[in-house]
Amino acid sequence: MFPCPACQGDVDLGERGLAGLFRNLTLERVVERYRQSVSVGGAILCQLCKPPPLEATKGCTECRATFCNECFKLFHPWGTQKAQHEPTLPTLSFRPKGLMCPDHKEEVTHYCKTCQRLVCQLCRVRRTHGGHKITPVLSAYQALKDKLTKSLTYILGNQDMVQTQICELEETVRHTEVSGQQAKEEVSQLVRGLGAVLEEKRASLLQAIEECQQERLARLGAQIQEHRSLLDGSGLVGYAQEVLKETDQPCFVQAAKQLHNRIARATEALQTFRPAASSSFRHCQLDVGREMKLLTELNFLRVPEAPVIDTQRTFAYDQIFLCWRLPPHSPPAWHYTIEFRRTDVPAQPGPTRWQRREEVRGTSALLENPDTGSVYVLRVRGCNKAGYGEYSEDVHLHTPPAPVLHFFLDGRWGTSRERLAISKDQRAVRSVPGLPLLLAAERLLTGCHLSVDVVLGDVAVTQGRSYWACAVDPASYLVKVGVGLESKLQESFQGAPDVVSPRYDPDSGHDSGAEDATVEASPPFAFLTIGMGKILLGSGASSNAGLTGRDGPAAGCTVPLPPRLGICLDYERGRVSFLDAVSFRGLLECPLDCSGPVCPAFCFIGGGAVQLQEPVGTKPERKVTIGGFAKLD
């Protein structure tokens, strides 16, 4: 076992131990150059001179000896094989010209990317590297050298950033020392007030703070040392510069593969810089209001855990209503911070910018005046004496595609008012089935007539875009939700046509052909048909028959009824869109005649109920709006 110099973890060297490892010839060269630059150990003497020996000026790797000029010429005569020996700088440790495979004692020629190891020709053909990706050492040399040069160039080109971060770390160390001392004094004062019973606990708390402070200082100190090693000519950068001087390709690959990892980590740490520890010790505050029986469990306060946003109660309408709760075993929060931003706007350079609401009391909040047709992302975090906790998970909310139209149900307008029960706040209506429906249920095989019950909103729209939402009772027999021209709706009140049974032929010849004459014009009504928890999407849903019920399901299909339906009216374009008010998924889009004031309308055939969505903010005054002018009732 061998301790790793980086992490101090145990490394299994195998049965051969150090003999199974490559010699780090590049490091030997670096050490040799360093020794020569600082003259460590004095001058190197010639090993072949007669006493007294002269100072060596050359070395020979083949002869493994150092020579002065005369001895080198004497032992390397011209015309012999020794004359081909290449002289080197004098040294006391001789190394081979190239790296040799520890297994086969042959010069390495390839690099195994899978094993990240230099291999010789014999290693390449053995089963050990079967199927591995092996490249020539020249390719590995060039690729690794390019990566190392690029990373080193970035570090050397950002020395000001390195120095700035070192100064910031040193300032953090000073703040850590000051904050730690203040925290210890506060803890000491509180614990001393508890008397002799708390003396033992005081020592343990101080020890905890001391350990936390020392741990932070150690991490900050280590981070400072790491950054100082990135300065030009020192530490890791200096070593990398020396390694780049290596010309022996296998030796360079062996030394640079691990060096590049360290340089890459240093580059990443430089790009994503942040202090290794915080200087704040607010988490060391003590709560002295606990009962005496809990003194043995006394500990530092914890920040609140990440809140959980209640997605069932959180929604966007005229405003955004956000509701959340803390996990069951979370420390309490004194107040909360809400952050939100739009996700459908072009990203700006730099960090993401959030809008913030500080010191929110309670577990719900209103965000006023959101942009229409947008997507907001929201998050919450709590705060107490120990500081801020973690953020909740992000929640995305779609806002309505148009400004919300506030209105009430007008009980004075409509047909068959004796069967319509409107709530006191005039935001809900229920249709009670009458005698005709009971007779229809009894006489299934005969023609029968069912009355259409209609109720309108007390607001008419003559311009712009408007949106409103409602919930339809899934148990409703047949309900139509939509809009229509105010004049046409009022005409229908004088005598609403009956809805015929399936056995009655609607085209019996009594109509005069007026429908054919206006087939190209936009219909005055646009309704969505709902029945028994389903929505009918048919070609006739936006026709004049939408009020009379003549839009048969022959050409349509059904989809499940969502919890809330949204209606978006574009008056200028003469279009009405029906949406799922929860996901804002489009269900149907219809043309509409907008030649006059347009009113929300609700039709019932048989039993049914509709509830208008409540405004999130303060309930508005009851008013009638036509053409942008408001008149109070």
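Rings of Phe, Tyr and Trp count as a pair if their centres lie within 6.5 Å. Keep that cut-off in mind for the first stop on this tour of a predicted model.

**Stop 1: a group of rings**

Select Phe67, Phe72 and Phe75, which form one aromatic cluster. How far apart are the ring centres of Phe67 and Phe75, and how do their planes lie? The centres are 6.1 Å apart and the planes meet at 40 degrees, so this pair is tilted.

**Stop 2: two tyrosines**

Move on to Tyr317 and Tyr467, an edge-to-face pair with 6.3 Å from centre to centre and 65 degrees between the planes. Colour the chain by residue number here. Tyr317 lies in the loop between strand 10 (315-316) and strand 11 (320-325), and Tyr467 is in strand 23 (residues 465-472), so the pair ties together parts that are 150 residues apart in sequence. Are these residues buried or exposed? Tyr317 is buried, with a relative accessible area of 5%, and Tyr467 is buried too, at 1%. In the whole structure, a search finds 9 aromatic pairs.

**Stop 3**

Switch to cartoon view and find the open sheet of 3 strands, ordered 7-6-8 with antiparallel pairing. Strand 7 (117-119) and strand 8 (134-136) are its edges, each pairing on one side only. From one strand to the next, the twist averages 35 degrees. Strand 6 (residues 110-112) meets strand 8 through 3 bridges, and you can see Cys112 standing opposite Ile134 of strand 8.

**Stop 4: a serine in a strand**

Select Ser431, found in strand 20 (residues 428-431). Ser431 counts as buried, at 3% relative accessibility. Show its side chain together with that of Asp453: a polar contact of 3.2 Å joins them. Beyond its close sequence neighbours, Ser431 also touches other residues, including Arg419, Leu420 and Phe604.

**Last stop: zoom out**

Show the whole chain, with its 12 helices and 35 strands. Of its 633 residues, 42% count as buried.

Key: Residues are numbered from 1 along each chain as its sequence is written. This is a predicted model: local features need pLDDT of at least 70, side-chain atom pairs count only at pLDDT 80 or more; totals for chains, interfaces and linings use all residues. Side-chain values use heavy atoms; hydrogens and water are left out. Helices (H or I, at least four residues) and strands (E, at least two) are DSSP runs, numbered from the N terminus. Buried means under 20% relative accessible area, exposed over 50%, partly exposed in between (1.4 Å probe, protein chains only). A polar contact is a pair of N or O atoms within 3.5 Å; within protein, one must be able to donate a hydrogen and the other to accept it, and residues adjacent in sequence count only if both atoms are side-chain atoms. Contact means heavy atoms within 4.5 Å. Two strands pair if DSSP finds at least two bridges between them. Axes are lines fitted to C-alpha atoms, for helices over the stretch in contact, and angles run from 0 to 180 degrees between N-to-C directions. Rings of Phe, Tyr and Trp (its six-membered ring) pair if their centres lie within 6.5 Å; planes under 30 degrees apart count as stacked, over 60 as edge-to-face and the rest as tilted. Lists of a residue's contacts leave out its neighbours within four places in sequence.
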